[in-house]
Amino acid sequence: MDEYINGVRVVRHRGSQRHTDVTLTFAVGSRDETLRTIGVAHALEHLVMYTVRDLPIEMNAEVDLLTTTFVASGSAARVGEFLNRLSRALAAPPADRLALEAGVLTAEEGNVAHPVVAFLLNVRYGARGPGLAWLEGAGYDGLTPEHVSSFAKKWFVPANAVLQVTGPLPDGLEFELPSGPAPARVLPPTRSFDRPVVVGHGIPAAGVLLTLPPDDDIRLSTLAIMTLRQRIEEKCRFVGGHSYEIGLDLVAGENGSSDWVVYAEAREGSEDAVSRAVVAALTDLAGNGPTPSELAHQIARAEENLVSDDPEVRRAFSTAMSRIVGEPELAPVDAARLAAVQSSDIAAVLKTALSGAIGYGDEHALEVWHEAGFTLASACPVIAELPAGRTFKPPLTARTFVKEARSMLWVRTDDALVLRDSDGIHQIRWDEIAGVMRSEDGPTIVLGLNGCAIPLDRDLFRGATDVLTELSERVPQDLWYDEPKLDV
């Protein structure tokens with residue numbers, strides 16, 4: 001029977017240790033923020049951890065794309081005090097410290113995802129959901145106490161939490177978290193492609209985003225992505241000596257599918273070699289599958305996980321998290337079927353995913369992607385033709401002395417704001433504006449939910465004043481923010 005304490009699901013690990021280890025996981029991360037409130041989950045984590053800083057036990061906290069996690073280890077009594085004080089702080093965050101904590105958060109320079117992961121998710125999702133990991137928003141100094149308290153009230157409720165405990169369960173757990181129903185999460189729309197594409201940027205690395213089907217009772221999608229990671233690591237690190245960090249991340253998609261990103265960093269001068277290794281690994285595995293030794297290694301790793309973990313506890317935690325986030329529950333692993341996986345099974349999964357893959361390469365190392373059949377894509381959506389509407393050109397002086405201005409043209413329609421530049425034609429619908437950033441010395445930036453950004457600069461845009469007036473009338477004031485003043 002499932003165990004709950006004041007609405008919080010409790011999963012107990014077996015063990016006879018005298019001290020207590022706890023992990024309190026909330027199904028909320030950076031993907032649940034908005035452009036205007038980027039960083040609010042991290043800020044809240046800092047504020048509540050401040051309230052327990054004097055406890056003489058080991059403790060930590062982390063925010064990633066999908067979850068916020070608090071961990072502690074010590075005597076049962078101290079750990080219980082940690083959980084109770086933490087819960088009360090989440091119900092009433094000490095927001096009076098927000099301005100001071102903004103400086104600490106900025107100095108920390110923490111990222112919820114690797115830059116390649118964040119960039120590719122932004123290409124896929126735009127300025128919403130997982131795609132926000134790439135953006136800065138208003139900065140920590142632009143957050144308000146209301147942003148923090150509203151976020152805590154919505155997401156840090158008992159129904160959105162799971163507590164894992166090893167060792168004695170603390171007495172007197174109260175979990176005085178914010179009261180409220182389990183929050184509903186709506187998956188944002190995604191940008192997809194009917195062919196493999198590649199986007200470039202200045203990050204010295206290479207990677208690829210693949211959308212894989214739901215895992216089955218042999219975890220075939222996970223096997224496929226781990227095989228790809230293993231091949232990339234072998235070529236980039238152990239054979240080529242080009243990379244140290246080779247990693248992966250994922251976010252859940254519709255109907256149990258997942259967007260996986262595999263990436264490899266590149267030391268200076270090896271950007272082309274790393275892109276070549278990533279492309280070769282993906283296309284070869286999709287065409288031919290893993291070698292017998294690669295396949296045997298991945299199956300052995302999966303089998304080791306089955307015997308090294310407590311299957312009941314692992315399944316209880318997985319089931320609890322699936323219920324919270326509304327994802328389908330995974331079937332138990334069938335060990336016999338796992339052992340019978342064939343190389344062709346891995347190839348089939350990767351071949352299907354390759355047809356809509358989004359690759360990433362350093363902007364000076366894209367030729368290898370083109371050679372493999374990847375088409376260059378814009379980081380944000382572009383449309384084929386300029387729509388009809390009121391057009392504005394940069395003044396003659398700007399077109400004479402600023403090369404980029406010569407191709408620029410702004411169009412204002414009844415439905416959208418449009419910019420043509422050297423990358424193509426970008427369109428942001430008036431009703432899909434994610435935010436507007438004001439700047440003291442630079443342009444006002446209009447950011448769309450689709451990931452596009454359109455600058456309105458009075459020096460480069462003769463109609464900027466008229467459009468800015470219209471923006472102030474059309475866009476709610478809570479979507480406007482000032483350019484962050486703290487250095488990131």
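N6 is found in the loop that runs between β1 (3-5) and β2 (8-13). The model described here is predicted. In it, the phi of N6 is near 50 degrees, a positive value in a residue other than glycine. A second case is R219, which is not a glycine either and has a positive phi of about 55 degrees. R219 lies in the loop between β8 (205-212) and α6. As background, most residues other than glycine have a negative phi.

### Salt bridges

Over the whole structure, a search finds 23 salt bridges.

| Salt bridge | Closest N and O atoms |
|---|---|
| R9 and D2 | 3.1 Å |
| R229 and E233 | 3.4 Å |
| E470 and R474 | 2.8 Å |

R9 counts as buried because its relative accessibility is 10%, under the 20% cut-off. D2, at 34% relative accessibility, counts as partly exposed, since the class covers values between 20% and 50%.

R229 and E233 belong to helix α6 (residues 220-239) and are 4 residues apart, so about one helical turn separates them. Both of these residues are buried. In an α-helix there are 3.6 residues a turn, so residues three or four places apart point the same way.

The pair E470 and R474 has a like spacing: both lie in helix α14 (residues 464-474), 4 residues apart, about one turn of the helix. E470 has a relative accessible area of 13% and is therefore buried. R474 is partly exposed, because its relative accessible area is 38%.

Salt bridges also link several residues in a network, made up of D54, R78, E81 and R85.

### A negative surface patch

Which residues form the negative surface patch? The patch is formed by E136, D141, E440, D441 and E483.

E440 sits in the loop between β17 (433-438) and β18 (444-448). With 71% relative accessibility, E440 counts as exposed, because the cut-off for that class is over 50%. E483 lies in the segment after β20 (480-482). Its relative accessible area of 37% makes E483 partly exposed. The C-alpha atoms of E483 and A107 are separated by 17 Å, and the two residues are 376 residues apart along the chain.

### The two sides of helix α5

Helix α5 spans residues 145-155, and its buried residues are H147, V148, F151, A152 and W155. These residues lie on the same side of α5, because they cover an arc of only 125 degrees around the axis. E146 and K153 are exposed on the other side of α5.

In the pair in helix α14 (residues 464-474), E470 is buried, whereas R474 is partly exposed. For the remaining pair in the table, R9 is buried and D2 is partly exposed.

Key:
Residues are numbered from 1 along each chain as its sequence is written. This is a predicted model: local features need pLDDT of at least 70, side-chain atom pairs count only at pLDDT 80 or more; totals for chains, interfaces and linings use all residues. Side-chain values use heavy atoms; hydrogens and water are left out. A salt bridge is a side-chain nitrogen of Lys or Arg within 4 Å of a carboxyl oxygen of Asp or Glu. Buried means under 20% relative accessible area, exposed over 50%, partly exposed in between (1.4 Å probe, protein chains only). Patches are made of residues with over 30% relative accessible area and no salt bridge: like charges are joined within 9 Å, nonpolar side chains (Val, Leu, Ile, Met, Phe, Trp, Tyr) within 5 Å. Accessible areas come from the Shrake-Rupley method with a 1.4 Å probe; for residues, only the protein chains shown count as cover. Lys and Arg count as positive and Asp and Glu as negative; His and the chain ends are not counted. The place of a charge is taken as NZ of Lys, CZ of Arg, CG of Asp or CD of Glu. The arc is that of the directions from the helix axis to the C-beta atoms.
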